[in-house]
Amino acid sequence: MSLDVSPKLLAEAEQGDIREDDFVETVRTSLPYAYGLIAGLAAELRGGTAEFADNQTPPASEKERGQLLRALASDAIRGSLERHFGIALAFQNCHRVAAFHPGAQSGPTYARFTSPRSQVLNQSPEFRDC
């Protein structure tokens with residue numbers, strides 16, 4: 001299971017739409033490693049002058065890796081985190097996630113980061129089974 005959904009939030013979802021802030025809070029508490037990593041990248045991006053901020057450090061455990069993969073594989077989670085932090089996310093391999101400024105998806109740096117060439121160049125044997 002990806003998220004630990006409270007009975008209250010589940011009841012609200014059964015009745016109709018839920019508040020995105022409540023969903024993001026569920027993500028924060030359910031996937032703390034992924035949330036913290038993305039929050040850190042967003043802060044780094046806002047505080048710097050680079051076109052993007054990225055993580056190149058593998059998670060310390062498979063549990064953390066799983067959290068990151070679940071967060072980025074879900075359109076709902078990923079989109080909510082992007083809106084919450086005001087960023088655009090890009091992902092390579094098992095852990096290399098990058099935060100870009102909104103609108104960067106149409107630019108050359110984002111295109112390079114998400115290109116098949118960059119994916120191939122970012123491969124190594126230790127990433128085979130991640």
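Helices here are DSSP runs of H or I with at least four residues, strands are runs of E with at least two, and both are numbered from the N terminus. Hi everyone, with that settled, let me walk you through this one.

A word on the source: this is a predicted model, where local features need pLDDT of at least 70, side-chain atom pairs count only at pLDDT 80 or more, and totals for chains, interfaces and linings use all residues. Residues are numbered from 1 along each chain as its sequence is written, and side-chain values use heavy atoms, with hydrogens and water left out.

First, the overall layout. The chain has seven helices and three strands, and from the N terminus on they run α-α-α-β-α-α-β-β-α-α. The radius of gyration, taken over C-alpha atoms, is 15 Å, close to the 14 Å that the globule rule (2.2 Å times the number of residues to the power 0.38) gives for 130 residues, so the chain is as compact as a globular protein of that length. Along the principal axes, the C-alpha atoms fill a box of roughly 45 × 35 × 25 Å. Take contacts, meaning heavy atoms within 4.5 Å: among those between residues at least 6 apart in sequence, 60% join residues at least 24 apart.

Now the inside. Buried means under 20% relative accessible area, exposed means over 50%, and partly exposed is in between, with a 1.4 Å probe and protein chains only. Buried residues make up 40% of the 130 residues in the chain.

A nonpolar core, for us, is a set of buried Ala, Val, Leu, Ile, Met, Phe, Trp, Tyr and Cys residues joined through side-chain atoms within 4.5 Å. Which residues touch the most other members in the largest nonpolar core? They are I77, L81 and I87, out of 24 residues. Helices α2, α3, α4 and α5 and strand β3 each supply at least two residues of this core, and α3 gives the most, with eight. Leaving aside residues up to four places away in sequence, I77 touches L3, F23, V27, L31, R70 and A71. Apart from that core lies another one of six residues, including A90, A98, F100 and F113.

Let's stay with α3 for a moment. Its buried residues are Y33, A34, Y35, L37, I38, L41, A42 and L45, and they pack against α2, β1, α4, α5, β2 and β3. The expected span of a helix is 1.5 Å times one less than its number of residues; for the 16 residues of α3 (residues 32-47) that gives 22 Å, and the end C-alpha atoms are 22 Å apart, which agrees.

Finally, the charges. We count a salt bridge when a side-chain nitrogen of Lys or Arg is within 4 Å of a carboxyl oxygen of Asp or Glu, and the structure holds six. One of them joins E12 and K8, with the closest N and O atoms 2.8 Å apart. Both lie in helix α1 (residues 7-15), four residues apart, about one turn of the helix. An α-helix has 3.6 residues a turn, so residues three or four places apart point the same way. K8 is exposed at 59%, while E12 is partly exposed at 26%.

Another salt bridge brings R83 and E20 together at 2.6 Å, N to O. That pair links distant parts of the chain, with R83 in α5 (residues 75-85) and E20 in α2 (residues 20-30), 63 residues apart. R83 is exposed at 55%, and E20 is partly exposed at 31%.

Then there is R96 with D54, at 2.7 Å between the closest N and O atoms. This one ties strand β3 (residues 96-100) to strand β1 (residues 52-54), across 42 residues. Is R96 buried or exposed? R96 is buried, with a relative accessible area of 15%. Thanks, everyone!
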